[in-house]
Amino acid sequence: MPLRTYRLWGGRGASLPPYCPLPPEYRRYFDTFAHLYAMALVAYAGLMLPLFVWLGSPGPVLIVLFSVLMTLGARGLHHRGYMAWGAALLWGMMLLLIGESIRLYGAGVGFEFYVGLALLVLHISAIPRSYKIVLSLLLLGVIGVLLMSMHQGAPSVALSPTVATWLLWVNLVLTGALFAGVLMGLEGVTERLERAYRREALHDMLTGALNRRAIVAIAERWQRAKRPFAVVLLDVDHFKRFNDLHGHATGDAALCHLVNCLRQGLRDGDMLGRYGGEEFMLLLPGTSRADAMAVAERVATFVRDQPLVLPDKSLGMTVSQGLATQDEAATLSAMIALADRRLYAAKGAGRDRVMSWESFGTLSPMPTRCVVEGAEACPFEPPRRHDDSVIKA
């Protein structure tokens with residue numbers, strides 16, 4: 001299969017995804033070396049090639065040109081998930097260039113500085129640890145033999161003291177810049193992955209809403225700060241039908257669709273979290289009971305009016321909600337428990353409504369039309385009191 005060519009520099013914080021899925025523990029290797037290959041190409045073509053052309057030695061010039069081609073090939077292997085092979089190819093070309101430069105120009109002009117860079121590249125790669133140890137010893141042995149041979153004889157290319165001093169400073173600055181680039185790239189990748197892991201720790205993997213731990217932590221923080229807010233517990237009506245009649249994949253799609261509908265009805269600053277299963281929690285800051293009821297009713301309308309559209313059917317949803325405000329409970333757990341009782345009262349009152357009291361005396365308006373819940377049209381039955389008399393909404 002021919003190797004493709006890719007854009008060397010992505011957007012801010014962007015990285016190229018591999019063709020094959022990678023486990024999380026290998027993602028750091030992939031992102032780090034995606035940055036490193038671009039650095040290597042810039043160093044070879046923009047720095048090393050002009051340097052060796054100026055020195056007038058054709059051998060290193062050919063090695064640099066060959067290294068550019070091999071780096072592109074290594075990047076193609078890396079992008080296909082063969083990260084160890086790509087890193088080994090990059091590292092091998094570095095070793096070849098370092099060895100040839102020391103053989104030609106001898107010790108003391110700075111080419112031995114790149115040994116540290118080669119060791120850094122080797123040890124941040126995805127190569128197995130035992131191979132890293134063997135290759136490190138091989139690198140140090142080869143370079144050691146070359147340096148010892150340089151002390152016993154003159155280098156192949158004699159340099160004047162001025163040129164040797166100038167070359168030493170060029171190599172010192174260049175290796176320092178490359179070290180800084182590698183470490184900054186590694187730091188950027190680590191920071192980006194840390195943000196991703198932090199997001200995964202705080203968000204529900206299926207719907208993207210905050211998870212239970214995160215939404216409760218926000219409520220606890222608001223409670224400690226004595227910030228007024230309302231809690232709404234929301235549950236999908238007859239959600240079991242989605243899984244039983246259409247499969248769990250449809251049920252998962254329904255939950256994702258529900259979250260999109262809920263976000264449309266929330267205000268800036270309102271928080272949404274998945275509390276468990278098909279139950280969600282809304283945190284509405286700085287709202288009175290009437291304002292919270294208005295938000296909850298708007299959320300219910302968005303859910304009711306936007307069915308889940310599938311290739312072969314359209315499935316409607318409704319939600320029942322229980323609402324509690326901060327002034328009704330002394331603790332957060334009591335506030336959540338109160339909202340939970342009212343949620344079950346809303347279900348007992350006929351579903352698809354918001355309940356802010358435990359009794360059935362105050363009900364939100366009941367829809368006059370039928371809603372497709374799961375698979376079939378389910379007409380709403382009016383709620384009844386314990387004496388079986390009908391409560392008029």
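**Aromatic residues: a few notes**

1. Start with Trp169, which is exposed, at 54% relative accessible area; the cut-off for that label is over 50%. Keep in mind as you look around that this is a predicted model. You'll find Trp169 in helix H6, which covers residues 161-202.

2. Next, the rings. The structure has six aromatic pairs. One of them joins Trp54 and Trp166, with 4.7 Å between the centres and 50° between the planes, so the pair counts as tilted. Trp54 sits in helix H1 (residues 24-55) and Trp166 in helix H6, so this pair links parts that are 112 residues apart in sequence. As for Trp166 itself, its relative accessibility is 43%, so this residue counts as partly exposed.

3. Now try Tyr105 and Phe111, another aromatic pair, this time stacked: the centres are 5.7 Å apart and the planes 25° apart. Are these two buried or exposed? Tyr105 has 3% relative accessibility and is therefore buried, and Phe111, at 2%, is buried too. The cut-off here is under 20%.

4. Tyr105 and Phe111 belong to one aromatic cluster along with Phe52 and Tyr114.

5. Finally, have a look at two arginines. Arg212 lies over the face of Tyr275, 4.0 Å from the ring centre. Arg227 lies over the face of Trp222, at 4.5 Å from the ring centre.

Key
Residues are numbered from 1 along each chain as its sequence is written. This is a predicted model: local features need pLDDT of at least 70, side-chain atom pairs count only at pLDDT 80 or more; totals for chains, interfaces and linings use all residues. Side-chain values use heavy atoms; hydrogens and water are left out. Helices (H or I, at least four residues) and strands (E, at least two) are DSSP runs, numbered from the N terminus. Buried means under 20% relative accessible area, exposed over 50%, partly exposed in between (1.4 Å probe, protein chains only). Rings of Phe, Tyr and Trp (its six-membered ring) pair if their centres lie within 6.5 Å; planes under 30 degrees apart count as stacked, over 60 as edge-to-face and the rest as tilted. A charge sits over a ring if NZ of Lys or CZ of Arg is within 6 Å of the ring centre and within 35 degrees of the ring normal.
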